[in-house]
Amino acid sequence: MPSRARIIFVTLAACAALFGPPSIAAAQHAGHKVAITVPAGAPYTVADVEFMQGMIAHHAQAIHMSRMAEKRGANPRVLRFAMKIDQSQIAEIRLMQEWLVHYGQAAPDTSSWRTMTMAGMLTEAQLAELDSATGVAFDRAFLRLMIQHHEGALQMVKDLFATNLAGQEIDVNVFANDVVSVQTAEIGVMRQMLSQLPPK
Amino acid sequence: MSFSRKFLVIGAALIVPTLLNAQTYPNKEDPRSNLKPGKDSAGVATKNMRLVSNTKKAEPFDTSGGLTFANSDLAFRDKYVYQGNFSGFSIWDVSDPAKPKLVSTVQCVTSQGDPTIIGNLLFISAEGGANRNDCAKGGVKDPKDHMAGVRIFDVSNPAQPRLVKNVQTCKGSHTHTALPHPKDKNILYIYVSGSGGARPNTEVAGCKEGTDAADETNSLFRLDVIKVDLRNPEKAEVVTGARIFTGLEPAPRAASRPARGGRGRAGGDTTTAPRPTGPRNCHDVTAYPAAKLLAGACGSYGLLVDVSNPEKPVRLDAKADTNFSLWHTAVFSNDGKKVVFTDEWGGGTSPMCQANSMMEMGGNTILSIDSKRKYKQHAYFKIPSVQTAEENCVSHNGGLIPVPGRDVMVQGWYQGGVSVMDFTDPANPKELAYFDRGAIDAPPQVDVPLAATQGGGRGGRRSTIGGSWGAYYWNGYIYSSEMDRGFDILELEPGDQLSKNEIEAAKLVRFVEYNPQSQPKIEWPAAFPVVRSYLDQLVRWNGLATDRTTAIASALDAAERQTGKPRRDALNALAKLVDRDVTGAKDPERVKAMSAAIKSLAKATR
C-alpha cells in the first residue's frame with residue numbers, strides 16, 4: 001500500500017462555523033501555532049481555511065517540482081506538462097490567497113511548502129532524488145512523484161468533504177471540485193506518459 | 001475480441017498526434033490586447049459584431065467577488081431566455097433585443113445552475129455542497145436537506161416559476177443534457193454529468209464509492225440517467241446509469257510483475273496500483289439526437305457515444321490528448337461529421353490566455369468522425385489576443401451559427417470575450433468575429449504585499465470572476481451570459497469573411513426551443529439569401545470561375561424581380577446551367593449545394 005506522506009498540519013479543534021457561532025482552531029505547522037478564528041455567521045468553516053492554506057503549500061511544491069523540468073532535460077511532452085502545472089497552479093495559488101485574505105485569514109506564500117507538509121507532498125529524500133535525475137530518469141521520477149503528489153491533493157479534497165459542514169462555501173466548493181476534475185484527469189495523462197517512456 | 005486486444009486498440013488511441021496545427025500567436029497587436037479595465041467603463045474591441053444591449057443582473061444577484069452570484073448558462077424558448085445563476089435563475093423576455101425585460105428572478109441557491117427548457121419545464125443543475133432542498137441560504141446543516149442533482153421548475157407562468165421536483169443523484173449535477181425519447185415525445189431523458197465523488201448512502205440511498213469501472217453497483221464511472229414523463233414531472237427519477245467509461249483504463253499490470261521504473265517504496269510508489277486512469281465522470285456531454293450521437297467531454301478523454309437507445313448508450317470511440325487536461329464541452333457540426341471539443345484549462349477561474357499561456361491548451365480542438373465512427377484529431381484553435389492576468393479566460397460554451405455551407409460556431413471565453421470560429425476545414429480553423437471588453441478589475445498596484453491580516457475581519461480585494469460563460473446564436477442574435485456584467489445581446493455584421501447574405505441566411509433559421517447541449521439539426525428554408533450564401537462562398541474562395549459567378553448573380557437578381565411562374569421558370573433554368581458548372585469547378589460540392597438550393601427555391605415559388 002502506498003504510504004501517504006504524513007500530515008503534521010493537524011487540526012486540533014474539529015468544530016467549525018458555517019453560518020453558526022464563532023469557532024477557533026489551532027493548527028500546528030513547523031512548530032508554530034497559528035490560530036484560525038472563524039467569525040460568527042461566516043459562510044465557511046475552520047476546515048475550509050485549513051484546506052485553502054494547506055493547498056497553497058501543496059501547489060507551491062508542485063510548482064517547485066515543475067520548474068526543475070527544464071534544467072533536468074525533461075522530454076518535450078513532460079516539459080510541456082510541467083509548464084502546464086506551473087501555469088495552472090500559480091493562478092490557483094493567487095485565487096486561494098485572495099480568498100483567505102478576503103476572509104481575514106492568514107495566507108501562506110509560495111515558500112510555505114518548505115515548512116508545511118500535506119498529503120502526497122514529497123519528502124526531502126524524494127526531492128533530492130528528483131533534483132539529481134536527468135533525461136528519461138527525470139521524466140520517470142517526475143511523473144511517478146507528481147502522480148503521488150496529485151493523489152495527495154485528491155485526498156485533501158476527500159478529507160475536506162468528509163468534515164462536517166465543510167466544503168460548502170461556494171468558491172471553496174467549486175475550487176475543490178476543480179482540483180478533483182483536473183488532477184484526476186492529469187493523473188490519467190501522467191500514467192499514459194509514464195507507460196510510453198522508453199525502457200530503462 | 002479478447003481482453004488484451006481490446007486494450008491494445010484503446011492504447012493506440014492514446015498516442016498523441018504531434019503534428020497538429022497549432023497557432024504561433026498570441027498577438028499583442030490584436031485590438032483586444034491591452035483594453036482599458038473597468039466593470040462598466042472597460043475598453044471594447046469588436047470585429048464583425050455589435051453589442052445590441054447589455055442588461056445588468058437582477059438586483060438580488062448584483063454583487064461582485066467570488067462565485068456566489070455568478071451567472072451561468074442559457075436556455076431558450078419562445079420569447080424567453082433562461083439564465084442560470086449560482087444563486088437561482090432569471091427569465092428574460094427578449095421580444096425587443098435592444099431592451100430585454102426581466103420577467104422574474106428566482107432566488108434558489110443552486111450552483112452552478114445550468115438550465116434546460118423543455119416546454120414548460122425548466123431543469124437546473126445542482127452540484128454545490130450548500131444547495132438545499134428548500135433553496136434557502138445558510139448552508140446544509142443536516143445532510144437530509146442537501147440537494148445535489150437536477151431541480152425541475154414549472155415555468156408555465158414565467159412570472160412565477162414553481163419548484164416541482166428535486167431529483168437527487170449520487171454525484172450531483174455539474175451539467176446535464178436533455179435527450180428526447182426516440183419515439184415517445186412525452187418522455188425525456190436527462191444525462192447528468194456530476195463531478196463530485198459518490199454521496200454517502202446515508203444521504204442518498206444506493207450511492208456507493210468504487211474504483212472498479214466494471215462494477216455495476218458503484219455510483220462512479222457512470223452518468224446518471226433521469227427519465228422524465230413530461231406529463232408527470234414530479235415522478236422523474238434516475239432510471240439507469242450510462243456506463244460509458246468501462247475499459248478506458250490501460251491494462252492493469254500483473255500483480256506479480258513490478259512496475260517499470262518503480263524505485264522502491266520511499267514516499268509511496270503509486271504506479272503499481274491498478275488504479276483506473278480513465279475518467280469516471282464527464283464534465284459535459286452534448287447530444288445530437290438527429291444523428292443519434294453524443295459527444296462526451298470527460299476528463300482526460302473525448303468520447304463518441306451511440307445513443308440510439310438512450311437507456312443503453314454504446315461508446316464508439318475515445319480520444320486522449322496530453323494537451324487537453326480537462327475535456328470540457330463539445331459542439332457537433334450540422335452534418336454530424338465533426339466535433340469541436342473545448343479544454344477548460346484552469347477551470348474557468350484562471351487567466352489562461354496570457355502572452356505566455358500555451359496555445360495548445362485551454363482552447364478548442366477539432367475532431368472529424370470517419371465512416372467507422374472513429375475520431376481523428378485535427379487542429380487547435382485559441383483566441384489570438386493577449387489577455388491580462390486579471391482576466392479569467394479559457395474556451396467555454398457555445399453553439400453553431402447556421403451559415404449554409406460552412407461550420408461556424410460562437411462561444412464564450414469568459415473574460416476573453418465572445419468569439420466566432422469557422423471550422424469548415426478542420427485543419428484550419430479561423431476566427432471570423434469577436435466582441436471583447438477589458439478586464440473587470442484593474443491590475444493590482446505594485447509593492448502592495450498580499451499580506452495576511454490576522455483575525456476574523458472581512459476585507460481584502462478578490463479578483464472578479466466574470467466574462468462570457470456561454471454565447472449562443474438563437475433566431476438572429478447572439479446571447480451571451482456575462483457572469484458579472486449581466487446579459488449581453490450581440491448581432492453579427494458583415495465583413496470580408498462573412499457576407500450579408502450569409503448573415504441573412506442564418507437569420508432565416510428559427511428554433512422555438514434551443515438547448516445548446518442538445519443540439520437541433522439545422523435546416524435552411526428555400527430563400528434567396530441561402531442561394532447567395534453559396535455564391536458568396538464560391539466567389540470568396542475561388543470555387544467557380546468569375547464569369548460564371550457574375551452571370552449567376554445577375555440571373556438570381558433577375559429571377560428575384562419576377563414573381564410566380566416566371567420566377568419559378570427562371571430559377572429552374574438557372575439550376576440547369578449551374579448543374580453544368582459542377583464539372584470543372586474548383587469546389588464542385590459547393591456548386592451542387594447551390595444548385596440544390598436554387599431548385600428548392602424554385603419549388604417553393606408559387
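Which residue in strand 30 of chain B is the bridge partner of B:Arg77? In this predicted model, that partner is B:Glu513. The residue B:Glu513 belongs to strand 30 of chain B, which covers residues 513–514. Strand 3 of chain B spans residues 71–77. It runs antiparallel to strand 30 of chain B, and two bridges join the pair.

Both strands belong to an open sheet in chain B. The sheet has five strands in the order 6-5-4-3-30, and the pairing is antiparallel. Its edges are strand 6 (101–107) and strand 30 of chain B. Each of these edge strands pairs on one side only.

Chain B as a whole contains six helices and 30 strands. Of its 606 residues, 60% are buried. Among contacts in chain B with a separation of 6 or more, 61% link residues 24 or more positions apart. The accessible surface of chain B is about 23,600 Å². Carbon and sulfur atoms account for 51% of that surface.

Chain A includes helix 1, which runs over residues 46–66. The helix has 21 residues and reaches 30 Å from its first C-alpha to its last. That span is close to the 30 Å expected at 1.5 Å a residue. Helix 1 of chain A is mostly covered, with 20 of its 21 residues buried.

The mean pLDDT of chain A is 88, and 88% of its residues reach 70 or more. Over residues 1–15 of chain A, however, pLDDT stays under 50. The model has 40 contacts beyond four places in sequence for this segment. Where pLDDT is low, predicted coordinates should not be read in detail.

Conventions. Residues are numbered from 1 along each chain as its sequence is written. Chains are lettered from A and ligands numbered from 1 in the order in which they are written. This is a predicted model: local features need pLDDT of at least 70, side-chain atom pairs count only at pLDDT 80 or more; totals for chains, interfaces and linings use all residues. Side-chain values use heavy atoms; hydrogens and water are left out. Helices (H or I, at least four residues) and strands (E, at least two) are DSSP runs, numbered from the N terminus. The expected span of a helix is 1.5 Å times one less than its number of residues. Buried means under 20% relative accessible area, exposed over 50%, partly exposed in between (1.4 Å probe, protein chains only). Contact means heavy atoms within 4.5 Å. Accessible areas come from the Shrake-Rupley method with a 1.4 Å probe; for residues, only the protein chains shown count as cover. pLDDT is the predictor's confidence in each residue, from 0 to 100. Two strands pair if DSSP finds at least two bridges between them.
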